[in-house]
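The tour below goes stop by stop.

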Protein chains: 2
Amino acid sequence: MDISNLVQDIASNCIKVQKKTFLPGSVITTYMEKRKQICILLEGRAELIRYDLKGNKDIIERFNKNAIFGEVFHHVNTNNELFVLATKKCEVLLFLYDDIRVKCRRNCSFHTSLVSNLLELILNNTISQNTRIEILSKRSIREKLLSYFNILSKKAYSKNIILPFSLTSLADYLSVDRSAMMREIKNLIDDGIISKDGNKIKLLY
Amino acid sequence: MDISNLVQDIASNCIKVQKKTFLPGSVITTYMEKRKQICILLEGRAELIRYDLKGNKDIIERFNKNAIFGEVFHHVNTNNELFVLATKKCEVLLFLYDDIRVKCRRNCSFHTSLVSNLLELILNNTISQNTRIEILSKRSIREKLLSYFNILSKKAYSKNIILPFSLTSLADYLSVDRSAMMREIKNLIDDGIISKDGNKIKLLY
DNA sequence: TATTTTCTGTTGCAATTGCAACATTTTTTA
DNA sequence: TAAAAAATGTTGCAATTGCAACAGAAAATA
């Protein structure tokens, strides 16, 4: 999908869509009840975070290019605020869901196209979410790892896969303790189920 | 959201949207690569299932009224087929994503409205998914339970909550062993954090 | 290039969890 | 309403996991 056309259109159209730049460390948005904001990350990297009761920083999600996020996608409560922080320089499209939904009824072609683009972005997001849920549903670290490796393998049409992020991030994604995950990876290697060279994994079954 | 208008419209319109009835036990759809089907459950109850390597029936998701599902939402592989089975009598709307996406560009008001409705359904689905992911991300059964109870409590604006499904289903939803969950619920009661009467839970903090 | 930060890898230990196997109660179905 | 099925509740035990605390390698930054 190409969002650049969309951005072009926006420049010459009516609804309240903002394009903004955020420097690393700055707050792109906060989620608070009933604002229904949608953001599209055109460029850069950001994190959805929350500070828990003990004051620990809790990274809930990481966003890369083409990610779509915002409070419309979350059940937000007043007493646990969520922030989106830029971790690299970000270009972001910001608008309100209601602006899209309501004005669409006027049958303006631009909005139709925006909704259609939106649909595609959200759909991609949904697929990733379903994948993650399926992995998180597994009961053991071993099953989580294998399930994740299988998905990567099928996407790549190969038994040789390259982890798209660091092992530390992988542990976050699988939502398990990193050292326990490392131990389990070692077990998988010892059991002859996989082999590993850096961030390259080979499935041996 | 009211989907009945949408269904009415469909009767008098052009795209290939089917409305079908399924009896309990029958297969509503199977997910196979690259068909991009979308289904909306107007009435009834269904389950997304898979048979794992050992032949165990694996319930991946449960669908109720207004649920939206279909292979567009999943990364599907040829060798692990997914089925949607009706568990009660179901009324289902079936169509292909591409039929919606492509014809929308012709700027027909019905399709615009369908896409807009679709957007809303998918958005609801995304919110549920994010909620579930947040819960599944917790490392212990206790945290999972509390996190889930909190969400229910905030939705209900009350410390008194009613579980929307059985404890057995709750264990499935949290993706933990049922007996271990029961034990942890007892611990929460013993520690004076919650009280419980049947499917009614009271948060004591 | 030197220094700081992040990432990888490892281990012991205690706590949590899944599993299996029950009895009992409630709900559904014939 | 009787019988079957599903849900609840409980427990011991073994396996898995998280946690803490390291050391060394690699990457990022000044």
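Helices (H or I, at least four residues) and strands (E, at least two) are DSSP runs, numbered from the N terminus. This is a predicted model: local features need pLDDT of at least 70, side-chain atom pairs count only at pLDDT 80 or more, and totals for chains, interfaces and linings use all residues. Residues are numbered from 1 along each chain as its sequence is written, chains are lettered from A in the order in which they are written, and side-chain values use heavy atoms, without hydrogens and water.

**Stop 1: a loop in chain B**

Select Lys65(B). This residue sits in the loop that joins strand E5 (57–63) to strand E6 (68–69) of chain B. Now show its contacts (heavy atoms within 4.5 Å). Beyond its neighbours within four places in sequence, Lys65(B) touches Leu41(B), Leu42(B), Glu43(B) and Gly44(B).

**Stop 2: rings**

Rings of Phe, Tyr and Trp (its six-membered ring) pair if their centres lie within 6.5 Å; planes under 30 degrees apart are stacked, over 60 edge-to-face, and the rest tilted. Over all chains, the structure holds 10 aromatic pairs. Select Phe165(A) and Tyr173(A). Their ring centres are 5.8 Å apart and the planes stand at 50°, so this pair is tilted. Next, pick Phe63(B) and Phe69(B). Here the centres are 4.4 Å apart and the planes at 20°, so the pair is stacked.

Colour by accessibility: buried means under 20% relative accessible area, exposed over 50%, and partly exposed in between (1.4 Å probe, protein chains only). Phe63(B) is buried at 3%, and Phe69(B) is buried at 2%. Phe165(A), at 30%, is partly exposed.

Ring pairs join Tyr148(A), Phe149(A), Phe165(A) and Tyr173(A) into a cluster.

Which ring has Lys159(A) over its face? Select Tyr205(A): Lys159(A) lies 5.0 Å from that ring centre. The rule asks for NZ of Lys or CZ of Arg within 6 Å of the ring centre and within 35 degrees of the ring normal.

**Stop 3: two domains of chain A**

Colour 3–136 as domain 1 and 141–203 as domain 2 of chain A. These bounds come from an automatic or database domain assignment. Across the boundary, 5 residues of domain 1 contact 8 residues of domain 2. About 670 Å² is buried between the domains, with 60% from carbon and sulfur atoms. Buried area is the accessible area (1.4 Å probe) that two parts lose on being put together, summed over both. On the domain 1 side, select Arg132(A), Ile135(A) and Leu136(A): they lose the most area to domain 2, together 71% of what that side buries.

How many salt bridges cross this interface? The rule finds 1 (side-chain nitrogen of Lys or Arg within 4 Å of a carboxyl oxygen of Asp or Glu). Show Asp172(A) and Arg62(A) too: their side chains meet in a salt bridge, 2.8 Å from N to O.

**Stop 4: positive phi**

Select Tyr157(A), in the loop between helix H4 (141–156) and strand E9 (160–162) of chain A. Its phi is positive, about 50°, although Tyr157(A) is not a glycine. At 68% relative accessibility, Tyr157(A) is exposed. Jump to Tyr157(B), in the loop between helix H4 (141–156) and strand E9 (160–162) of chain B. Phi of Tyr157(B) is positive too, near 50°. Tyr157(B) is exposed, at 66%.
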